[in-house]
Amino acid sequence: MSNEWGTPDWQVAAAYGDVKSWNLNRWRWEFTRRRDDVRAAFQESAEASFQYRQPFVGKPGFPMAHLRPDEPGFTAMHPLAKSLGLPQIPNPRIGAQPFQSIGFSDWDEVVQWFNSDKPPEGFERIDFDLSKPLEPQLRAASMLLKDLQEMRIGKVVQRRRHPAKWLAYLRTLDAREAMPDASWREFTDALFHAGLLERHKNPAGGYCAPPPQAGRDKWEAANALRNNF
């Protein structure tokens, strides 16, 4: 890890590890942990969260109370967590967090819905038979929910994702963090030499290095994903 926030050397793709094994939550966490507000929130609340849990170490119902802020699985209590879809904020210096720390969802709403007799407005409840194979039940449930969504709001809501670009985007974010004062020309050249940008066709013939805006555009796309994964 090349800096205080535990991000790899952006010039070496292999430094990021086996990204093919990352699930969607891990990818989302990798972008989220590179946000300045997330880092600041953790810094602000980590020590207080650690001290708050000390009286519960070893007691039933608090299996992670013994964790220190620098260990995977430790989470800090901060209001920002809810807007991220997290129960609490894990340490942004650590990418490989356990599932319970980076299981993104609106937990409060889901738990409230699961425990209620009637789902809230806009929700649907589907029962599954756990004694039978789940795959056909999940496929049927998916088809039914898409039909209901199209009936109620006129379309099936989808978020277009381009996972093939995500590693390059992470490397681009880390490159900018490593070179905060570089001009866009310098930044573009660095990305080009690292294989993160392709050469451009020269109107006069042949090919040339990409123009300065190519690096800027790539960083802006990566930053947009970081802030709204």
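## The overall layout

First things first: this is a predicted model. The protein is built from nine helices and four strands. If you walk along from the N terminus, the elements come in the order α-α-β-α-β-α-α-α-α-α-β-β-α.

As for size, the C-alpha atoms fill a box of roughly 70 × 50 × 30 Å along the principal axes. The radius of gyration is 22 Å, while a compact globule of 229 residues would come in near 17 Å.

Of the 229 residues, 35% are buried.

The largest nonpolar core holds 22 residues, and the members that touch the most others are Trp-10, Trp-27, Phe-31, Trp-166 and Leu-191. At least two residues each come from helix 1 (24-32), helix 7 (166-178), helix 8 (184-193) and helix 9 (212-227). The top contributor is helix 7, with seven residues.

Take a look at Trp-27 in particular. Setting aside residues up to four places away in sequence, Trp-27 touches Val-19, Trp-22, Trp-166, Leu-167, Leu-170 and Phe-229. There is also a second, separate core, made of 16 residues, with Ala-41, Phe-50, Leu-80 and Ile-102 among them.

## A closer look at Gln-149

Now zoom in on Gln-149, which belongs to helix 6 (residues 134-153). Is Gln-149 buried, exposed or partly exposed? With a relative accessible area of 28%, Gln-149 counts as partly exposed, because that label covers values between the 20% limit for buried and the 50% limit for exposed.

Which residues does Gln-149 contact, once neighbours within four places in sequence are left aside? They are Gly-154, Lys-155, Val-156 and Val-157. Looking back along the chain, Glu-135 is 14 residues away from Gln-149, and their C-alpha atoms are 21 Å apart.

Definitions and conventions
Residues numbered from 1 in each chain as written. Predicted model: local features only at pLDDT ≥ 70, side-chain atom pairs only at ≥ 80, totals over all residues. Heavy atoms only, no water. Rg over C-alpha atoms; globule rule 2.2 N^0.38 Å. Buried < 20%, exposed > 50% of the residue type's maximum accessible area, 1.4 Å probe, protein only. Core = buried A, V, L, I, M, F, W, Y, C linked by side-chain atoms within 4.5 Å. Contact = heavy atoms within 4.5 Å.
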